[in-house]
Amino acid sequence: LLSKSISHMLALSRSGRLLGARALHPLSCRPLIATPPLEASFSSNSPVPQDNTKKTSVSTIMDNASGVFFLTEMMRALWLTGEVFMQPKVTINYPYEKGYLSPRFRGEHALRRYPSGDERCIACKLCEAVCPAQAITIDTEERADGARRTTRYDIDMTKCIYCGYCQEACPVDAIVEGPNFEYATESREELLYDKEKLLANGDRWEKAIAKNLATEHLYR
């Protein structure tokens, strides 16, 4: 019975009378896809398919072949290397030579003094309040003359993100970020700066810091 059913369906498909989605395979519930007869697909009225493949020209083939056999790409690379070799060098012999630093460069922190030697910091704690990393810790006391000064000024340089907010918030330009960037240490404890360390940095870099601040005074 199964062989008779299959033979009957094959005969219907050859004659082109298969009813598309209504015809079911005897062994499954999925409908068979109706296909047109073989003669209809190659009728004289149907357009002849065209080959749209772009053919490679002979000149292109010869160029590719010459590039492979004569190593033209390698020769061009060697020529470019020679041109760059003859141009002026852009590298510097660090640390004996150092590049230009912008006046706005934010490097190692420093506490400045007035020309009289007195500390600039007035212990307003604006830098401590504005620091987004909470790297600054300040303790204050009132002196005998009524002025308020810091007894403790610590900066955890391992937490600092060098945003420059402390320098911008200071009303007397006491805390600044100087031009020094060469202060690598061998231990974390050496990066915990206290007041004495910051004042020493200020005394060391005062000339460069004052020059940078004078250069940028129009934009502050």
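**Briefing: helix 3 and the overall fold**

Helix 3 (residues 58–69) has twelve residues and spans 16 Å from its first C-alpha to its last, close to the 16 Å expected at 1.5 Å a residue; the expected span is 1.5 Å times one less than the number of residues. Helices (H or I, at least four residues) and strands (E, at least two) are DSSP runs, numbered from the N terminus. The model is predicted, with local features needing pLDDT of at least 70 and side-chain atom pairs counting only at pLDDT 80 or more, while totals for chains, interfaces and linings use all residues. Residues are numbered from 1 along each chain as its sequence is written, and side-chain values use heavy atoms, leaving out hydrogens and water.

**Helix 3 and its end**
- The number of buried residues among the twelve of helix 3 is zero, so the helix lies largely in the open; buried means under 20% relative accessible area, exposed over 50%, and partly exposed in between (1.4 Å probe, protein chains only).

**Ala210**
- Ala210 sits in helix 7 (residues 195–215) and counts as partly exposed, at 30% relative accessibility.
- Asp173 lies 37 residues from Ala210 in sequence, and their C-alpha atoms are 9.7 Å apart.

**Whole protein**
- The protein has seven helices and five strands, in the sequence order α-α-α-α-β-α-β-β-α-β-β-α.
- Of its 220 residues, 23% count as buried.
- Among contacts (heavy atoms within 4.5 Å) with a separation of 6 or more, 66% are between residues 24 or more positions apart.
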